[in-house]
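Subject: Structure handover

Hello,

Here is the structure for you to look through. Please open it first, then read my notes below.

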Amino acid sequence: LRPLIANLDELPMPDRDMMFEKTELGASPLKIFMTHRGCPFKCTYCYNNPLNEMQKGLGKTSRGFSPQRVIDEIKAVQAKWPLTFIKFQDDLFSPKTSWLREFASLYANQVGIPFNTLERLDLVTEERLDLLNLAGCRSLTFAIDSANERIRKEILKRGMTLNNEEIESRLRMVHDSGINSMINFILGVPTSSVQDELDAVEISVAGKASLAITSTLVPYP
């Protein structure tokens, strides 16, 4: 393992041609981009935990490209391939609001393609929603994982201090902003009950989520 690259802008543009030319991905109007690497949170189910342990002492694990570098990469793809919708596949999109402020106006003026990305509800503010709307965000994905506050804190270690009422309130903020929301819960988390899963339905309805999905916990060694 080598030292982590601190300035991601030093990396060359990804060469997608080999993949796009030989698969159906090139013709797809949806394309995936990354604006950041790593995540500052430590959810127990996430691959970032063992990855960060492997990379300990090699540099800062959570890093981002500059807003203009992200836009230049999108424009390079747009010049050669169909592109009408973007999925930002970051573990966490724009941890810093200062980055989002710069990105939103640049993206709106130079790209303007609708997009989806992953956010945390405890980062949602009116300002961030305004900036996402300015940029053209059409939907946000939120991992809530459990309707049980104890499970979120002690089992999943989400680091999210919101209670269920605050989660519902933040989801309604997203709904009122005009941005669609997709939320996810994990079925069968250790110590969970059927009532926890039913409570998740109540949160989804009360929060006016556009789409609520569930994944089933799969234990690994």
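Start with a cysteine. Cys 39 counts as buried, because its relative accessibility is 12% and buried means under 20% relative accessible area (exposed is over 50%, partly exposed lies in between; 1.4 Å probe, protein chains only). The closest cysteine sulfur to that of Cys 39 belongs to Cys 46, at 6.4 Å, which is too far for a bond. A disulfide here is a pair of cysteine sulfur atoms within 2.5 Å. Cys 137 is in no disulfide either: its nearest cysteine sulfur, in Cys 39, is 18 Å away. Cys 137 is also buried, at 2% relative accessibility. By this rule, the count is zero disulfides.

Before you go on, some ground rules. This is a predicted model, where local features need pLDDT of at least 70 and side-chain atom pairs count only at pLDDT 80 or more, while totals for chains, interfaces and linings use all residues. Residues are numbered from 1 along each chain as its sequence is written, and side-chain values use heavy atoms, leaving out hydrogens and water.

Now the overall picture. The protein chain has eight helices and eight strands. Both are DSSP runs, numbered from the N terminus: helices are H or I with at least four residues, strands are E with at least two. The radius of gyration is 18 Å, close to the 17 Å that the globule rule gives for 221 residues, so the chain is as compact as a globular protein of that length. That radius is taken over C-alpha atoms, and the rule is 2.2 Å times the number of residues to the power 0.38. Along its principal axes, the C-alpha trace spans about 50 × 45 × 35 Å. Buried residues make up 41% of the 221.

Next, contacts (heavy atoms within 4.5 Å). Take those between residues at least 6 apart in sequence: 78% of them join residues at least 24 apart.

Last, two backbone angles. Most residues other than glycine have a negative phi. Ser 94 is not a glycine, yet its phi is positive, about 50°. Ser 94 sits in the loop between strand S4 (85-88) and helix H4 (97-110). Is Ser 94 buried or exposed? Ser 94 counts as buried, at 0% relative accessibility. Lys 157 also has a positive phi, near 50°. Its loop runs between helix H6 (149-155) and helix H7 (164-177). Lys 157 is partly exposed, with a relative accessible area of 46%.

Best wishes
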